[in-house]
Amino acid sequence: VQLQASGGGLVQAGGSLRLSCAASGIISRLDIMGWYRQAPGKQRELVARITSGGNTDYADSVKGRFTISRDNAKNTVSLQMNSLKPEDTAVYYCNVNRLRVIGGSNDYWGQGTLVTVSS
């Protein structure tokens with residue numbers, strides 16, 4: 001699986017951005033697609049994830065502001081980010097989490113796209 005993310009950039013606080021990620025290769029209906037972010041000096045953290053059935057999970061810090069969506073036919077996942085705050089500044093990574101038959105899971109990562117929110 002290869003992931004190509006796009007849509008990052010510089011935006012003022014209160015503004016919006018939309019991130020998109022296209023996956024090449026086979027994406028199973030069991031795969032979970034999502035977005036993580038890593039701010040300078042901090043660990044990578046989950047932002048949002050979504051199953052093929054549309055079940056979603058969000059970090060508390062983005063609930064009500066970010067919306068994740070997935071197009072199973074096109075193997076894409078998007079993140080609509082509204083009411084952006086300076087603390088949302090980070091490199092955002094697209095992710096596919098795939099369960100393994102033998103247990104556990106594998107993670108596939110995109111190259112990351114920088115989101116900068118100015119105050």
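This is a predicted model: local features need pLDDT of at least 70, side-chain atom pairs count only at pLDDT 80 or more; totals for chains, interfaces and linings use all residues.
A salt bridge is defined here as a side-chain nitrogen of Lys or Arg within 4 Å of a carboxyl oxygen of Asp or Glu. Local features were taken at pLDDT of at least 70 and side-chain atom pairs at pLDDT 80 or more, whereas totals for chains, interfaces and linings use all residues. Residues are numbered from 1 along each chain as its sequence is written, and side-chain values use heavy atoms, without hydrogens and water.

The protein contains 11 strands and zero helices, both assigned as DSSP runs numbered from the N terminus (helices, H or I, at least four residues; strands, E, at least two). The radius of gyration, taken over C-alpha atoms, is 14 Å, close to the 14 Å that the globule rule gives for 119 residues, so the protein is as compact as a globular protein of that length. That rule is 2.2 Å times the number of residues to the power 0.38. Of the 119 residues, 38% are buried, where buried means under 20% relative accessible area, exposed over 50% and partly exposed in between (1.4 Å probe, protein chains only).

The largest nonpolar core has 29 residues, and Trp35, Leu79, Met81 and Tyr92 have the most contacts inside it. Such a core is a set of buried Ala, Val, Leu, Ile, Met, Phe, Trp, Tyr and Cys residues joined through side-chain atoms within 4.5 Å. Among the elements giving two or more residues to this core are strands E4 (32-38), E8 (76-81) and E9 (90-99). Beyond four places in sequence, Tyr92 touches residues including Trp35, Arg37, Leu79 and Met81, contact meaning heavy atoms within 4.5 Å.

Arg37 is located in strand E4 and counts as buried because its relative accessibility is 6%. Arg37 forms a salt bridge with Glu45, with the closest N and O atoms 2.8 Å apart; Glu45, at 36% relative accessibility, is partly exposed. The side chain of Arg37 also makes a polar contact of 3.3 Å with that of Ser61. A polar contact is a pair of N or O atoms within 3.5 Å; within protein, one must be able to donate a hydrogen and the other to accept it, and residues adjacent in sequence count only if both atoms are side-chain atoms.

A salt bridge of 2.7 Å, N to O, joins Asp88 and Arg65. Asp88 lies in the loop between E8 and E9 and Arg65 in the loop between strand E6 (56-58) and E7, so the pair ties together parts 23 residues apart in sequence. Both Asp88 and Arg65 are buried. Arg37, Glu45, Arg65 and Asp88 are linked in a network of salt bridges.
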